[in-house]
Amino acid sequence: MDIALHLPHNVKIIQEAVAFKRSLAYEIDRPVQAWRWMIQSRCVPDHADWVRPEVSESWRRCLEDYQLPLGNYACWEHLRDAAEPAKASHKAQDVVNLLAHLGHQFHIFLKEAGVMLVLTDTDGSLLQVLGENPFPSPFMTCLHQQNSRWSEAVLGNNGIGTAAQLKKPIAFQGMEHFLSLLHPFTTVGYPLLDQDGNLIAVIGLISDRQECMNSLFAFLHLLCVLLNTNLPLTQNPLAQARVLEKIPFRLAKKPPQHNESAMSEALTALIDKAVKLQNHKIPILITGESGVGKDHFVNLIKNAGPRRHQTLIAINCASIPHDLIESELFGYEAGSFTGARNAGKPGKFLLADKGILFLDEIGDMSLDLQTTLLRVLETSEFTPVGGSKPIRVDVQIVAATNVPLLEAVEAGRFRRDLYYRLNGAQIHLLPLREREDKQAIIHHILQRELANLPHAESISICPSVITLIEQHPWPGNIRQLINVIRATLYTAGDALITPGDLPLDFVEELEKTTQASDMTQQGHAPALFEQRLNGKAMTLEEWEIQGIKTSLQACAGNISLAAKQLGITRTTLYKKIDRFGLGKTDWRERPRPD
């Protein structure tokens, strides 16, 4: 049965949907770069080749009409109405009843596909959900509850809310969404219109898989036919099943569950390099500052490499006591010394056989351990303490250090021959402050730690907190970032996280860095943190005004230079100056201190 042949000519929405579905061949070029550029510049990208026009127009509404926090966090308390639950109109209730009638057949289909179907009223309030919530996200769990809100003014652009706004079918995928909490999903929406073109309700699908917009539209196309016609198909479950079987709805496999924050193009290239080295069993030396995530990187390359199904054994080389070096590395036979286990004990090398041995903090290794380790690396054999027969192992060596090893070699603290044995190939991990994906890492960790809280849906983060975290130089790198975020979230006294909840040492560190930088560039320290240190939390608008004033002061009132420094266009800067009512006296250069 070809449904397209039975489309009623007076159902305008179906005809538009079919045309839109075909238009999905339009390639989405660079939504990732466009979204990050918008976060940095605080304005919508004008480049037509970055995102589809539907995306840029909806982003503009989110920024200018709804004034949503810039892409990071919605105010979760507004996801649900404080008033009485939404009451469906008479026509919308007919749709609810019909969906309930069709629900049994579609429930199985949605469950197998891992897709959630929602029906909302004209203002985006949830009326009905088909299928269980297949997503573990607390954010999506909140949206799954009765009377949650899917409107653009609350969630930013999404298939359901934007379809209601535009009265036409539309879809968004990944980072085409304004709100970063929707980035893992694809959202598709169909508005249901009456004969006069008035909106009745919106039906939508949500998936956490990629490359699925065509399939989602095909399914909604079928539903739209069922909801707008009296074809025999609407009453025949067997006919419905036959149609469902013909829809190409076997979605692409989910991507590997890597840390999204870490998988930038640069890091992916490093992982690919490490995999090639493992294929030839070349020792890998990972360098980088303390806290950059060397241990996490080792897990990434292990899971991506040829030994992904084998054991990863980690050794902290700085913490092994001198008297236990050989027994820890090579194990011992039963009764080999006083206090030994009756059955003996395998060492780290034996446990890592066929797998990976990770030597962490290799630069702090004692000279005794260096000598012992070198001997085993050269022969791939060792003899357990108290044993008589050597054991041969197949181990991939990965070492990591935050110490400049060549300097340690020249100073006599590290054996030169061991250095060249370990340094088969070197991979350097950049500090967080120098990484291009710094903001993506910050927002990923914020979302991850939020999701771990018992009542995550009730917590909101003030935009000024996000701004401070993004501006921090993070000398302790990712480890420091995680600690600060956890300390902030777990010790906050209210559901709204404000700058007052940030650790004092974090604020002082940021203030010193900002003052030092400003002293170097301008010869005086700005008052960016005066309000924070006086106990008053600045609003996002106040931060924006302060940023514009500071840039204009630094550029001596030169609009072009200030706009370039802020990462926005001259037109946008003029609009902001006019919007905030700023005059030349607001950025007149301050007298420099003697």
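# Exercises with worked solutions

Lys-354 sits in the loop between α13 (348-351) and β10 (356-360); helices (H or I, at least four residues) and strands (E, at least two) are DSSP runs, numbered from the N terminus. The model is predicted, so local features need pLDDT of at least 70 and side-chain atom pairs count only at pLDDT 80 or more, while totals for chains, interfaces and linings use all residues. Residues are numbered from 1 along each chain as its sequence is written, and side-chain values use heavy atoms, with hydrogens and water left out.

**Exercise 1.** Describe the phi angle and the exposure of Lys-354, and then those of Trp-474.

*Solution.* 
- Step 1. Most residues other than glycine have a negative phi.
- Step 2. Lys-354, although not a glycine, has a positive phi of about 70°.
- Step 3. Lys-354 is partly exposed because its relative accessible area is 44% (buried means under 20% relative accessible area, exposed over 50%, and partly exposed in between, with a 1.4 Å probe and protein chains only).
- Step 4. Trp-474, in the loop between α18 and α19, also is not a glycine and has a positive phi, of about 50°. Its relative accessibility is 0%, and therefore Trp-474 counts as buried.

**Exercise 2.** Determine where the confidence of the chain is lowest and where it is highest.

*Solution.* 
- Step 1. The lowest confidence is in helix α1 (residues 12-22), at a mean of 43, and the highest is in strand β6 (residues 284-287), at 95.
- Step 2. Residues 522-535 stay under 50 in pLDDT, and the model gives them 38 contacts beyond four places in sequence, a contact being heavy atoms within 4.5 Å.

**Exercise 3.** Identify the residues with the most contacts inside the largest nonpolar core, and follow the neighbours of Trp-150.

*Solution.* 
- Step 1. A nonpolar core is a set of buried Ala, Val, Leu, Ile, Met, Phe, Trp, Tyr and Cys residues joined through side-chain atoms within 4.5 Å.
- Step 2. The largest such core holds 38 residues, and Trp-59, Met-140, Trp-150, Leu-155, Phe-178 and Ile-206 have the most contacts inside it. Among the elements that each supply at least two of its residues are α3 (53-65), β1 (115-120) and β5 (199-207).
- Step 3. Not counting residues up to four places away in sequence, Trp-150 touches several residues, including Met-116, Met-140, Leu-155 and Ile-206.
- Step 4. Another core, of 31 residues, lies apart from it and includes Leu-285 and Leu-369.

**Exercise 4.** Decide whether Ser-58 is buried or exposed, and name the residues that it touches beyond four places in sequence.

*Solution.* 
- Step 1. Ser-58 belongs to helix α3.
- Step 2. Its relative accessible area is 0%, so Ser-58 is buried.
- Step 3. Beyond four places in sequence, Ser-58 touches Glu-152, Asn-157 and Phe-172.
- Step 4. Phe-172 lies in strand β3 (residues 170-173) and is buried because its relative accessible area is 0%. The C-alpha atoms of Phe-172 and Ile-206 are separated by 10.0 Å, although the two are 34 residues apart along the chain.

**Exercise 5.** Summarise the secondary structure and the burial of the whole chain.

*Solution.* 
- Step 1. The chain has 24 helices and 16 strands.
- Step 2. Of its 594 residues, 51% are buried.
- Step 3. Among contacts between residues at least 6 apart in sequence, 69% join residues at least 24 apart.

Key: pLDDT is the predictor's confidence in each residue, from 0 to 100.
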